[in-house]
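Biologist: Before we look at this model, could you show me how to read a nonpolar core and then a sheet?

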Amino acid sequence: MCENITAGVIANTIFFVLTVLVGWSAFLLFRRRKLLKFFGIEEHKRITVYLSNIRVTQGGSLGTDGLPRAYSGTTVTFGESLQANLFLNLFSYLVPGLSSQPGILKYLSVSDVQVVVAPSPLREDDIDKTSTIVTLGSPGYNIVSEWVQRSLNPRIRFSNDNSAITVNGLPNIADGRQSFVQRIYDADNKRWVFYTAGLSELGTIGAAYFLASRWRSIFKKFGTDKFEHVISVNAQNYQQSTIVI
């Protein structure tokens, strides 16, 4: 009887391990390969997400009671930080076959991609030159976005005063619900840069969500080429948007 039980346990263990390996291999071959190609990180497997850097001066912040407080320093918007987590989760996966297991095993995840989330640096020299970049927000609060506009010459950009979005050959866009998503090639550093921004926080977080959630459909249409989209974000739900250009 004991031998039968032992043999059964061993057989179940082997079957479980094989199921995990087969599921994991299939996952890598199909979805993950496309994801890495889309973001251009097959080799270096590193992506840096830069958020708007909002600097608060001494006495320029308010407490929950509405009174001025002494905090000063760097802060980021709540909405942008939430979208940054999407990119962290995008490259972390639950191990196939474990979702039905008891306890903490069902939550076991792995990732071989390093995702760095940081507020915009204050100097252009401090921009990471070795990784794929996702930059959120306008040049007014993000020096990485400013560098993209000056050095990579995107077709869609902010006007000089950051009050409008300009698209080559079209009237300026001043609607706060509209934003853009672009993939631009940085030839000097041989990597892709993703520029996602809007005229309002709603527009920016809508653009970041669009990129993180719709990369499959974009990849299906454009493959590994550059692309530019202007989107209109639903004012009541930033997760809903439509392509307008």
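Biologist: Which residues of the largest nonpolar core touch the most other members?

Modeller: In soluble globular proteins, nonpolar side chains tend to be buried together. In this predicted model, the largest nonpolar core holds 30 residues, and those touching the most other members are Phe38, Phe39, Phe91, Val134 and Leu211. Elements that give two or more residues to this core include helix H1 (2-39), helix H2 (78-90), strand E9 (132-136) and helix H4 (201-222), and H4 gives the most, with eight residues.

Biologist: With which residues is Phe39 in contact, leaving aside its neighbours within four places in sequence?

Modeller: With those neighbours left aside, the contacts of Phe39 are Ile47, Phe87, Leu90, Phe91, Thr132, Val134, Trp192, Phe194 and Leu211. There is also a second, separate core of 19 residues, which includes Ile133, Ile156, Phe158 and Ile165.

Biologist: In what order do the strands of the open sheet lie, and which of them stand at the edges?

Modeller: Strands of a sheet pair through backbone hydrogen bonds, either parallel or antiparallel. Here seven strands form an open sheet with mixed pairing, in the order E8-E1-E9-E13-E12-E14-E15. Strand E8 (114-119) and strand E15 (241-243) are at the edges, and because each has a single partner strand, one side of each is left without a neighbour in the sheet. Within the sheet, E1 and E9 pair in the parallel sense over four bridges, and the bridge partner of Val49 in E9 is Val134.

Biologist: Which strands does H2 lie across?

Modeller: H2 lies across E1, E8 and E9, and runs at about 175° to E1.

Notes: Residues numbered from 1 in each chain as written. Predicted model: local features only at pLDDT ≥ 70, side-chain atom pairs only at ≥ 80, totals over all residues. Heavy atoms only, no water. Core = buried A, V, L, I, M, F, W, Y, C linked by side-chain atoms within 4.5 Å. Buried < 20%, exposed > 50% of the residue type's maximum accessible area, 1.4 Å probe, protein only. Contact = heavy atoms within 4.5 Å. Pairing = 2+ DSSP bridges. Axes fitted to C-alpha atoms, helices over the stretch in contact; angles between N-to-C directions.
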